[in-house]
Amino acid sequence: MHYQAPPCEEAKLVRCTAGAIYDVIIDLRAGSDTRLQHFGVHLDAENRQMLFIPEGFAHGFVTLNDNTEVFYQMSEFYAPESAKGVRWNDPAFRIQWPLEPTVISERDRTYPDYLPRA
């Protein structure tokens, strides 16, 4: 579950152009009424739906088919020094994924438990 920390926050628009994904966003905005809540949606090449991810949200997905392609549009250039993340299975969020990932990067697998800040 990735996001860009201030001052390099970014909004994203995501679409699955081939195959299928289950896409999840988590509200990490301080003071938000929906803070720490998540939303998940099935995106695939047939339903042609897109997901808008506002600034201040973490984002991640699991592919549901082989040969899946995902198309991103981002509001800002990537800033490596602001790249942050939370673990996909962190108990703070209680996300019900449709399946457990079988391939996941070391970085994504080892994020520490999320500790909310004020």
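Me: Which strand is Met-50 found in?
Reply: Met-50 sits in strand E5, residues 50–53; strands are DSSP runs of at least two residues (E), numbered from the N terminus. This is a predicted model, where local features need pLDDT of at least 70, side-chain atom pairs count only at pLDDT 80 or more, and totals for chains, interfaces and linings use all residues. Residues are numbered from 1 along each chain as its sequence is written, and side-chain values use heavy atoms, with hydrogens and water left out.

Me: And what is Met-50 in contact with, leaving aside neighbours within four places in sequence?
Reply: Leu-13, Val-14, Arg-15 and Leu-43, with contact meaning heavy atoms within 4.5 Å.

Me: Which strand does E5 pair with, and over how many bridges?
Reply: E5 pairs with strand E2, residues 12–18, in the antiparallel sense over 4 bridges; pairing takes at least two DSSP bridges.

Me: Switching topic: how many disulfides?
Reply: The count is 0, taking a disulfide as a pair of cysteine sulfur atoms within 2.5 Å.

Me: Nice. In E5, which residues are on the covered face?
Reply: Leu-51 and Ile-53 are on the covered face, with Met-50 and Phe-52 on the uncovered one. In a regular strand, side chains alternate between the two faces of the sheet.

Key
Buried < 20%, exposed > 50% of the residue type's maximum accessible area, 1.4 Å probe, protein only.
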